[in-house]
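Here are my notes on the two-chain model, point by point. Please read them with the structure open.

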Amino acid sequence: MKLERTLALKNLRRKPARTAALVLLSAFLALSVFGGSVVVASLRNGLKSYEARLGADIVAVPYQARTKGTFESILLQGIPGMFYMDEQYYNKICTIEGVEAAAPQFYLASTSAGCCSVPVQIIGFDPEKDFTVQPWIRESFALSLGDGDIIVGSELTVPKDGILTFYDTPCRIVAQLGKTGTGLDTAVYTNMATIKTMMRNAESLGFHYLTDTDPDHAVSSVMIRVANGYDVEAVTGDINVHVRHVEASAAAAMLSSVAGGLKSVSGVIGILVAAIWVLAVVILAIAFAMISHERAKEFAVLRCLGASRRMLCRLLLTEAAFAAFCGAVLGVAAGALIVFPFGNAISTALELPYLMPSALPAAALALGSLLLSALAGALSAAVSAWRVSRSDAGLLLREG
Amino acid sequence: MNKPKIKALDIVFPVLSLVFLVGILTVFQPCGPREDGSWMSCHWAGRAVAGAAGAMLLLSVLRLVVRAGAKQGLDLALIALAALALALPGHLIGLCMMHDMRCHTLTAPCTAVLSCLMAAAAAVDLLLSLRKGK
């Protein structure tokens, strides 16, 4: 076996152009398999996270917010939105049969986040009624939010002094949430008292976001939990019928539209990766067939020198395995250099929840891609190796 | 005096540095100015990276005309400059607050990738020349 390894390495070194072509092909294969699998895994993680973070059975927003798709833009892309309805609609929703809990939220967009020219979404919630935000805030912050306290999403850089000022309202950052892969990663969370203070300060600064509603009696959305034994679709229908100017949507319907988009993107990536894998195996098989044909006399001489058929077979397979492995390592490294640093760019381009796998699953994906690429190399060389081992050395040498 | 021999790897350095310099000034430049015309810190991080890329280009061109011993020194300088360029956006000079801004999604990753490639190429060249020297 040692002799085959030495011979294989020398063969690869002596033909640098041929070796480079084989390595590059394997690298391209590994790059597409690793890159594609990380993107698909990130999309799947993103959907799970989105599902977990939504946390309500029904979401009710003012009618104009639903028609513009504003609420989903906040959740998916982190595009700040501001829409308001009178608190009376929240009270009406609470009286609908089947509504077990209803939590109002108030949205405000900053004009500038202190350092950036883009607005930040500020979400105010009522700690006593909320059941959607607090469960995952508790993962990072166990105490209750005081007035002037804020919690920021994972995609916001916390300033050294821990203070962010919105509409002349200095706020103390008490915690930073874990990454969710959704638009909520760039949001800021606070209690109702703080966000209403910001709203009043915005008014005094000349930003009149609310013209026909009193800010103290306005809400942006209502997150609803349906009581056991009630059908979510039926309760959603009841709200839409009995509470005018409000559009209620079942969370499952919102999730299914995101899942649909994710399924199609994942499907396209899956088909592309499979096509590239098959194509690379075919090209490698043709390359090995040509190489073994070109080296037929070399193999015949080796046979005359006492090399067994099995040894020739192993020699060609070892060469293929070395080239495929080196290519796979290069491909996985190149893939890691693309998918990990550019994760935010991919997420922004796809406009879908995108949560990259942590170190261990990413390492497993890299190992899987390495094995798959090495397997492709071995598979494509197998037929050529079998043919070489079956060829008649005497006949080949006599043919000249 | 023998003319220094130019290998394929020697060409990689000026090409990478040029891509780095032109890229940081155009394709992957940081965020634009605020509405009031003032610049965010990522702009200055971009300027500093451009400076490092310019220095890399100068050293890369210099590598083409010097002899083997001096090349090893220039390789070390390129590795140090690549490490500096990698650390500039986000570590030595802050970027924007929101991570979905251009400086986070494009400038920092492109700088990281090009710095890593530059450092890897210089390290490979250094190792090869040291092995050859033995």
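1. First, a term. A residue is called buried if 20 or more other C-beta atoms lie within 10 Å of its own. It is exposed if that count is 12 or fewer, and partly exposed in between. The model is predicted. With that cut-off, 41% of the 134 residues of chain B count as buried.

2. Chain B, overall. Its secondary structure comes to four helices and zero strands. Along the sequence the pattern reads α-α-α-α. Taken along the principal axes, the C-alpha atoms of chain B fill a box of roughly 60 × 20 × 20 Å. Among contacts in chain B with a separation of 6 or more, 78% are between residues 24 or more positions apart.

3. Chain A, domains. Chain A is divided into domain 1 (2-49 + 259-398) and domain 2 (52-257). The C-alpha centres of these two domains of chain A lie 49 Å apart. Where do they touch? Twelve residues of domain 1 are in contact with eleven residues of domain 2. On the domain 1 side, the elements that give two or more residues are helix H2 (16-54) and helix H9 (251-294) of chain A. H2(A) provides the largest share of that side, with four residues. By class, the domain 1 side divides into five nonpolar, five polar and two charged residues.

4. A helix pair inside chain A. Helix H11 (residues 309-339) and helix H13 (residues 359-390) of chain A pack at an angle of about 155°, and their axes are 8 Å apart. H11(A) is therefore roughly antiparallel to H13(A), since angles over 145 degrees count as such. The crossing of H11(A) and H13(A) is right-handed. The contact of H11(A) with H13(A) has 21 nonpolar, eight polar and two charged residues.

5. Two residues to check by eye. Most residues other than glycine have a negative phi. His245(A) is not a glycine, yet has a positive phi of about 65°. Look for His245(A) in the loop between helix H8 (232-242) and strand S11 (246-250) of chain A. Is His245(A) buried or exposed? His245(A) counts as exposed, because it has 10 C-beta neighbours inside 10 Å. Glu351(A) also is not a glycine and has a positive phi, of about 55°. Glu351(A) sits in the loop between helix H12 (343-350) and H13 of chain A. With 15 other C-beta atoms within 10 Å, Glu351(A) is partly exposed.

6. H12(A) against chain B. The axes of H12(A) and helix H4 (residues 102-133) of chain B come within 8 Å and cross at roughly 145°. The crossing of H12(A) and H4(B) is left-handed. Which residues meet there? From H12(A) come Asn344(A), Ala345(A) and Thr348(A). They meet His104(B), Thr105(B), Leu106(B) and Pro109(B) in H4(B). By class, the contact of H12(A) with H4(B) has three nonpolar, four polar and no charged residues.

Terms used: Residues numbered from 1 in each chain as written. Chains lettered and ligands numbered in written order. Predicted model: local features only at pLDDT ≥ 70, side-chain atom pairs only at ≥ 80, totals over all residues. Axes fitted to C-alpha atoms, helices over the stretch in contact; angles between N-to-C directions. Parallel < 35°, antiparallel > 145°, perpendicular 65-115°, else oblique. Left-handed = near helix turned anticlockwise from the far one by under 90°. Nonpolar A, V, L, I, M, F, W, Y, C, P; charged D, E, K, R; others polar. Domains from an automatic or database assignment. Contact = placed C-beta atoms within 7 Å.
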